[in-house]
Structure formats: C-alpha cells, structure tokens
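Q: Please take a close look at one part of this model. I would like to start from the whole fold and end at single residues.

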Amino acid sequence: MTQHSILARVSRLAKAEVTALLKQAEDPERLYEQLVREYTDTVRAAEAAVAAAAVDLRLLEADHQEDVEAARGWGERAREASAKADELRAAQRAGLADRFDHLAKVALGHQLRAERDAWAAEPLIASQRDALALLEAGLGRVRERLAELHAHRDEPAARARRDAAARTRMLDALRGVDLLDPAGELRRFADKVRREEAKALGKQEIAVSSLDTQFERTDTLADPAEIESRLAALKSAG
C-alpha cells in the first residue's frame, strides 16, 4: 500500500462518526466487528507508514546536510587555491599560478553542483515532512476512533454492572427496614444522625482544647519578653 493510499484511508476513517454509524446500523454487532477489523488494520498500516516516512525523511535530511557541507568545503578549497595562485603570480610564477587558478575553478564547479543538489532536495524534504505530519495526525485520530469503538462495546456491560450494583444496594437497604415498624426505623435513623453529630462536636472540642493547650505552653517554649515584643510588633504592623 502506497503512502498516498494510506493517507486517503486514514483520512476517511478519521472523519467517520463511528458511534452514529453503530446506532443507525441494522446489525450493530456485525458492523462493530467490521469496523474494528478495518480500524485495527489501518492503525497497523499507518504505523508502518509513519516509521518508513520518518526513515526516508532522515535520509533526505542527511543527504541535504552532506551537500551543504560539501558546498562549504569546496568553496574553502576554491578560496585557498585562488589565494595560492595570486601568491605565485606575485612571485612571477605565472605558469604555476594558472594551474592553481584552474584548481580553484574545478573546486567552484563542485561547489555549484553541491549547492544545486541541496536546493533540489529542499522541496522534497518539506514535502516529506508534511506527509509525515499528516500521517502522524491521521494515525492519532484513527486510534481515537478505535478507542471509541471499544468504549461503545464496553458501555452496555459497564451500565449493566452499575445497575446490578445499585439494585443490590437497594435490596440490602430494604432488608434492614422493618416494614411493620417504620416509625421505629426512622427513630433509629435519627438517633444515628444525632450520634454522628455528637462525635463531630466532640472532635471539635478536642481540637479547641488542644489548641488552647498549645497556646498555654508558650510560657515554657519561649522567653515571655520576646513573646511580648513580637505581639507588639504584630499590633503595630496591623
């Protein structure tokens, strides 16, 4: 499967509203199995395509970098050869100077070819980056759709478990109620509430007592003069 065909397939499946399709289907179970197979196969194909596209991009970028470095290197050689030619010509060695000028021209030719190769690779690299980004984004959306499918399948079972648990709690509550003495049950419930409130008040009183005790211990924890000084500072700051 080509990269273009995978992109088209990923785009098509990513746009599908799987939950709506299942709700409208005449045979939801059959459609569910079909969609799971198609989405699972597409995820695998897209993952392979993403991996291949990433490798291709790295190779293109490596070749481009080599061309850029080659152009830079040939340019440096050309400058060195030209400088040597000028030096020899100043020393009245025109024949040898011409040879170095020729070497400089050869180096410049290599530099030009390397630059052209680098320029030609840039649109390919940009296109490959775009394709890789599209594949990665599409793969993410297809994975989300596949997760929606699994959630749609799991939802009825989860709802059934919640309903069963609620029924069990209700039955347990009913077993504890004496239908022949509802007033007595209400009194016991009210007593339970009052006990819980009393416990809460007791905890508050204990907390307040503990706080009072902590404040009372300041006489032994620090110098009273320091305490007075800090208190005065707090009041003056306020």
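A: Two residues are in contact when heavy atoms of theirs lie within 4.5 Å. With that in hand, start with the whole chain. The model is predicted. Of the contacts in the protein with a separation of 6 or more, 77% join residues 24 or more positions apart.

The protein has 7 helices and 0 strands. Read from the N terminus, the order of elements is α-α-α-α-α-α-α. The chain counts 238 residues, and 21% of them are buried.

Now the close look, at helix H1. H1 covers residues 3–15. It is 13 residues in length. From the first C-alpha to the last, H1 reaches 18 Å. That is close to the 18 Å expected at 1.5 Å a residue.

Which residues of H1 are buried? They are Ile 6, Leu 7, Val 10, Leu 13 and Ala 14. Viewed down the axis of H1, these buried residues fall within an arc of 140 degrees, so they line one face of the helix. The general rule behind such spacing is simple. An α-helix has 3.6 residues a turn, so residues three or four places apart point the same way. The face of H1 turned away from the buried side carries other residues. His 4 and Lys 15 sit there, and both are exposed.

Take Ile 6 by itself. Its relative accessibility is 5%. Buried means under 20%, so Ile 6 counts as buried. Val 43 is 37 residues away from Ile 6 in sequence. In space, the two are 9.9 Å apart, C-alpha to C-alpha.

For a contrast, turn to Trp 74. Trp 74 belongs to helix H3, which spans residues 28–90. Is Trp 74 buried, partly exposed or exposed? Its relative accessibility is 26%, so Trp 74 counts as partly exposed. The cut-offs for that class are 20% and 50%.

What does Trp 74 touch, leaving aside residues up to four places away in sequence? Its partners are Ala 107, His 110 and Gln 111. Val 106 is 32 residues from Trp 74 in sequence. The C-alpha atoms of Trp 74 and Val 106 are 9.0 Å apart.

Definitions and conventions: Residues are numbered from 1 along each chain as its sequence is written. This is a predicted model: local features need pLDDT of at least 70, side-chain atom pairs count only at pLDDT 80 or more; totals for chains, interfaces and linings use all residues. Side-chain values use heavy atoms; hydrogens and water are left out. Helices (H or I, at least four residues) and strands (E, at least two) are DSSP runs, numbered from the N terminus. Buried means under 20% relative accessible area, exposed over 50%, partly exposed in between (1.4 Å probe, protein chains only). The expected span of a helix is 1.5 Å times one less than its number of residues. The arc is that of the directions from the helix axis to the C-beta atoms.
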